[in-house]
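Trainee: I would like to learn how to read aromatic pairs in a protein model. Could you take me through an example?

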Amino acid sequence: MDDKIQTVLNLYHERIQQERRQSRIEAPGGRDGGHDQRMRSIGPETGQLLNILAKSLKNPTILELGTSFGYSGIWLAEAARVADGKLITMELHDYKSAYAQKMAQQAGLANWIDFRVGDAVQMIDEMDEKVDFVFVDLWKDLYVPCLKAFYPRLNPGAIIVADNMIRPGTEDVKRYGQAIRVLPGISSVLLPVGAGIEVSRLETK
């Protein structure tokens, strides 16, 4: 990580710590009301693992489902830069995407990121690209619909990582864990990293 990226990560880490010290308050309008300021971010341990896994691929097209305020995207975009790939990141709310774009500019990584705003399932259906790496970290009831949408677009050897599989461990994420494990050609393991991640891989043939 160069100094610009580390500076941006440090800013995010300060915000994560502040958020964790505050009580949880539901945003006005609920999750889709456009006023949610909580990052709900993966921590640095999960970020580092994402970075390592993505760097293991050559010229990867990386798909992130749930830009939020852009923290995980920094880890993924740095991997895309090193591995000569690109990151496509999708977010429902334009104000979150705009914040993430600002931070990516500060980190010097904006040229490796394609920011897309809208409904994730619809945007996946409209994609022209095939993908080599997917990070799933949006609203949990969208995990399975997104899986059904991106599975046909996976290149052989693609890696899929889904967050929050242990905490909060909702019925929605349990359904995702069951659904991905029965897909043809998929091998999958649940790892106790961060809030719990399901790491899956599509066979190369």
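Predicted model: local features only at pLDDT ≥ 70, side-chain atom pairs only at ≥ 80, totals over all residues.

Trainee: What describes a pair of aromatic rings?

Mentor: Two quantities do: the distance of the centres and the angle of the planes. A search of the whole structure here finds six aromatic pairs. In one of them, Y12 and Y99 are edge-to-face, at 6.5 Å centre to centre with 70° between the planes.

Trainee: Which helices hold Y12 and Y99?

Mentor: Y12 is in helix α1 (residues 3-21) and Y99 in helix α4 (residues 94-107), so this pair ties together parts that are 87 residues apart in sequence.

Trainee: Are these two residues buried or exposed?

Mentor: Y12 is buried, at 1% relative accessible area, whereas Y99 is partly exposed, at 24%.

Trainee: And how are Y71 and W75 arranged?

Mentor: They form an edge-to-face pair too, with 6.4 Å centre to centre and 80° between the planes. Both residues belong to helix α3 (residues 71-82), where being four residues apart separates them by about one helical turn. Y71 and W75 are both buried.

Trainee: Which residues do ring pairs link into a cluster?

Mentor: The cluster consists of Y12, F69, Y71, W75, Y95 and Y99.

Trainee: Where does the charged end of R15 sit?

Mentor: That charged end is over the ring of F69, 4.3 Å from the ring's centre. R15 also lies over the face of Y99, at 5.0 Å from the ring centre.

Key
Residues numbered from 1 in each chain as written. Heavy atoms only, no water. Phe/Tyr/Trp six-rings, centres within 6.5 Å; stacked < 30°, edge-to-face > 60°. Helix = DSSP H or I, 4+ residues; strand = E, 2+ residues; numbered from the N terminus. Buried < 20%, exposed > 50% of the residue type's maximum accessible area, 1.4 Å probe, protein only. Lys NZ or Arg CZ within 6 Å of the ring centre and 35° of its normal.
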